[in-house]
Structures are given as C-alpha cells and as structure tokens.
Amino acid sequence: MLKNIARCASFVCLLVLPAAAGNLQTPGEINGYSCYTQHEEVVRFLSVLSAQAGNVQVQEVGSTRPVEGFSDKSLLLCILTAEGASRPEEIDRSKPTILITAGQHGSEQSAKEAALALLRDLALGELKPLLNQANFLILPQANPWGNFHDRRVNELGLDMNRDHIKMESAGVQAIHKVFRRWMPEITLDVHERGDNYYRIALGCVSHVNADPSIEDFSRRVILREVGESLAKEKITFQEYAVTSENMPSDASGADFPDEELARWPLITRHSTFDLNDGRNSLAIYQTFSFIQEGASRHDLATLAERTRWQLSSLRAFVRAAARHGQEMTAQVRDLRRQLLEPGGRFARVHLRMEYRRDPAQPQVKIKEFIRPEQRAAGRLKVDKKAGEILLGNEIEPLETAGGQKVAERVITEWYPLVAPTLSVARPWGYVIPAGHREVIETLRRHDVAIETFTRDCQVAVEGWMTQKVVPSRYDYVPPDTIEVSVQPLAILCKKGDFYIPCSQPAALLVPCLLEPQSDFGLIRYRKYGLVPQAGAFYPLYRMSAEQALPLIPYAAWPR
C-alpha cells in the first residue's frame, strides 16, 4: 500500500514569532499539519520555547547512531518545573514528577506532535498552573530516524518498544537514563495504533511484580477521570485492549513465522505483561506507568485530527495526575522503600505469568467500525493508465473514518487478568563470573548497582542444575522447556567476578533478568549465551543469605 510521506522544508518562520505566549505555535500548527515535524524543527521549537519560558530546561540525554544517509541526532529532554530546575536535586520532591515519552515508534507521528503542543501549554499556556502541583519531564521524540522515514523501527532496525531489556537502541537508553536519574512517580508513553472507533485508549500496569495497588488506583481513578474528560469533548475512549496470540512471548519482539503464530488461539487482553515493553519496564520499580494509544490511519489527511485527540487526552491525563499527585507519590515512595527490604511485601518475585479470564466478566462488548472487504487506498488526482508508476502525491486520501458505520461486537475470548505461574523467593543477591561481560554491560545500562570481588574467596551459593532443556528455535524467546534443581554449592569467586545485590531499586528486575526459568530473562537472547546443556549448571549463581564478602562498587559513577 502506498504511504503518504511528507517532510517539512526549512523551518524559519518559527524563529521570528512574537514573544507573547499566545503566539507560540508548534511546527505542526504553523504548517497546518501538512507534513511531519522533523528533528531540526523540534530543536528550533524547543530553542524558542526555552528562551521564552524560564521554567523550561532542555538537555541532551543521548544521541542516535549515525547511519548511511542520516546523521546522528540528539535526544532531547525537556524539564518543566515551577523553579526552573535543571537537576533532580533541585526539584521540589513534595510534588510528583511525571515523565512523558513520545515517538518510540517513528511512524506514530501524532504522539510527537501532541507532545510538543503539551510542552507549550505547560510552559506558557493554560496548563502552566499545573507546575505548582507537579514536575514534568518530557522527551518528545525518541526515534528521529523512524520519524524521518515514517517507519516503526529505529536506525538499527529495532522496535524500540521491544528493547527495554537489552536496551540496544539509543532512544531506549535515554528513556531509562532519565527515569533512573529522576525516578519519577508517574510515567506515560504515547503511541498510535490502527484506525479504531475508540480514538484514545489508555492502559496501565499489567505486570504482576508491580504492586496490585498501583493497577487498582490507575484504573479506578486515573483512567476513569481521563475517560470522563474525553467524553465531554465527544472523543471516544476505552481502556487499552489488544487482540493477539495467547502465547508467553507474544510481545517479546521475536520474529515468528506465520505458521508459528497460527498455532496459538487469539485472545483479547489489556496489552502485554512483558518487561521489554516500555510501560512495564518502568512499572517494576513500583511506578504509576501508563501507555496512551491514539487511533490512526497513518496519513497526513488525519494528522491534525489525530493530534487533537492525543493532546486532549494528554491534557486530561496531566490534570488528573497532578490532582491526585500527592496520593500517588506517597504510595510510590512507600512501595519503593519496601523494595529495599529483603523480606516483607516483595519477598517473592514472579518469573512467569499468564493471561486469565475474569469469572465476574466472562465477555466484553466493544464498538468497532464496519469495514468493506476491500478498502480503497485513496482517490487518484491525475489520470493514469494500467502499468504506470503511481506516486504518493498523486493519491488523495479518502475522508476520515468518522462517517463509517459502527457495530457492537461481543468478545468471548476475553482475558483481562494476569496471574503468576512461577514465583521464587527473592535472594540476597547474585554472583556473575567475570566472563559474562555482556550481562554486566546490560545491567549497567539499567543502572543496576553492581559490586566486584577484590580478591579470591569461597562463597556459599545456590546453583541451578539443568535436568532438562529444549532451547527455543527463535531469538528473544526463552527455552521451550527448562527444568532445574537448586543445589547448595561452595564456589571460588575470583577477583574481578561480580556480585549483584537485590536490596536496591531494581530489586525485582534483577531476578527477572538473571533467573534461568524467567520468561523475561537474559536467557532468552542468544547474544548472552546463557542457555545451559542438560546435566550442566546454569552459569550464574544466587546467594540466599547475607555473607561478609570482599566487595567494592563497580563502575558506580554516573553514565
């Protein structure tokens, strides 16, 4: 299908706008949403915004990799506070801090356009009073290469929202760098999906290592209030739901062939519980983490309308989050404090989980557009003969989907719940032999606290003896079968080996990454070489009790 891709020419009119707040327009507003805003225009807009508003600080938090035909681009974080703070230690921590990211998927253009408008409204417009109630961190464009080429992936061909464990993409690294440095209590990741009757879908935490109280409050308060606000604007809304295969690695990022996907039945559920999803990768730190999906046909003809839906929802979200910020902040800080305690509330870690039905709600009704069997791609603006090349600018998009017929459908394969199927006691820490440098570098990208042995010593640990293993045929997928027995061992830890304590903010993430039976672990990626053979020990070890060890912090400086 032909795609209408347009990029704006040089953007100079923005810089000569009057200084009055009401006159500052986003690049999209200036060009009437006739093309997609590009990185250079984002830089210029943020330059003007930060010059006009003393409450905005802009920082470079990373850079994309240069590739042929596309140079490296800076990844920009906008910090909005009443005090004009530029560092975490300068912000007022009595208020919640809210992180909003947009554009992980480059082809989801309205996310970035709405984020820029939200920035303006918070810094100079009607939302400015919210800075007295909350601090804001906004990363408006996480994938400049994908944005330029109107493609989902980034310059490395990676789906960034399936890269929050390995963190190979610069944009994902920047998101986590910002998150771990500022530790916001509330996050929102803005996306687009396909054309949908529900113009906005908002989802919350769906990973059971996040405390259930976070999901409950998110759904009962924030989602409800956003939905009520959008209803007043006649923008249709639902809690985010997707239909996909009922398989453990449904959102792993694995490249499954069609015949593999056909093996699994389709179900409808509240998004994914995978940790390489951006929302859940932050939620495991006991964060109020959300995803926003705007309906989209991915064409320029509807860009202005799509941006309006997204911006209306963003405004409703920040208002609701600021209104309940004190309560949410207190809840998050209490949970994060308990993360640092070896026992208690987070004494067990859930390594596997599954989607389940809700007996109280066995089915759900949704509204959807009735579509013809063959949908027209558009209307020709010029005469063409069969066999002639058809250019994108020679097609006029059809009218928006607003005039389509709407039907109600009953979904019987409804799986709104997530439940753990394998849980283990949270250990004191893990021992990683020095040879596993790739593992250590990944943990460092997650800002996990790492220690290193200063001399050889005997350490009492638990090892996993592999009784049976069937490796997966696919990268990004854990072994099809892995059965282990835990055995006490006394091993020689050598100078330069590593120790990962679990009494740290990443207390629940670390076991999910390092345990061999985890569906979210590094074992599922071939690059780490962690899948053992039957009859062999898994190459990492766990320590279940505190011991006096010769350790020093490893590479503990800021990155």
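## About the model

This is a predicted model, in which local features need pLDDT of at least 70, side-chain atom pairs count only at pLDDT 80 or more, and totals for chains, interfaces and linings use all residues. Residues are numbered from 1 along each chain as its sequence is written, and side-chain values use heavy atoms, with hydrogens and water left out.

Let's start with an open sheet of eight strands, ordered 1-2-4-3-5-10-6-7 with mixed pairing. Strands here are DSSP runs of E with at least two residues, helices are runs of H or I with at least four, and both are numbered from the N terminus; two strands pair if DSSP finds at least two bridges between them. Strand 1 (56-63) and strand 7 (237-239) are at the edges with a single partner strand each, so one side of each has no neighbour in the sheet. On average, neighbouring strands of this sheet are turned by 20° against each other, direction ignored.

Strand 6 (residues 200-203) and strand 10 (residues 288-294) run antiparallel and are joined by four bridges. If you want a spot to look at, I200 stands opposite G294 in strand 10.

## Helices and their partners

Helix 9 (residues 303-323) lies across strand 3 (97-102), strand 4 (135-139), strand 5 (186-192), strand 6 and strand 10, and runs at about 170° to strand 5. Axes are lines fitted to C-alpha atoms, for helices over the stretch in contact, and angles run from 0 to 180 degrees between N-to-C directions. Contact means heavy atoms within 4.5 Å.

Helix 2 (residues 39-52) packs with helix 3 (residues 109-123) at an angle of about 5°, their axes 11 Å apart. That makes helix 2 roughly parallel to helix 3; angles under 35 degrees count as roughly parallel, over 145 as roughly antiparallel, 65 to 115 as roughly perpendicular and the rest as oblique. On the helix 2 side V42, F45, L46 and L49 meet K112, L116, L119, R120 and A123 of helix 3. By class, this contact has seven nonpolar, no polar and two charged residues. Ala, Val, Leu, Ile, Met, Phe, Trp, Tyr, Cys and Pro count as nonpolar, Asp, Glu, Lys and Arg as charged, and the others, Gly among them, as polar.

## The largest cavity

Rolling a probe the size of a water molecule over the atoms shows where empty space is left. A cavity is a set of points on a 1 Å grid over the protein atoms alone where a 1.4 Å probe fits but cannot get out, and lining residues have an atom within 4 Å of a point. Grid points are joined across faces, edges and corners, and a volume is the space filled by probe spheres set on the points.

The whole structure holds five cavities of 30 Å³ or more. The largest has 13 lining residues, of which T101, I175, D189, G278 and L282 are the closest to its centre. Strand 3, strand 5, helix 8 (278-283) and strand 10 each give two or more residues to this lining. By class, the lining divides into five nonpolar, six polar and two charged residues.

Note on methods: 1 Å grid on protein atoms, 1.4 Å probe; cavity = no way out; pocket = protein on both sides within 12 Å on 5 of 7 lines; lining within 4 Å.
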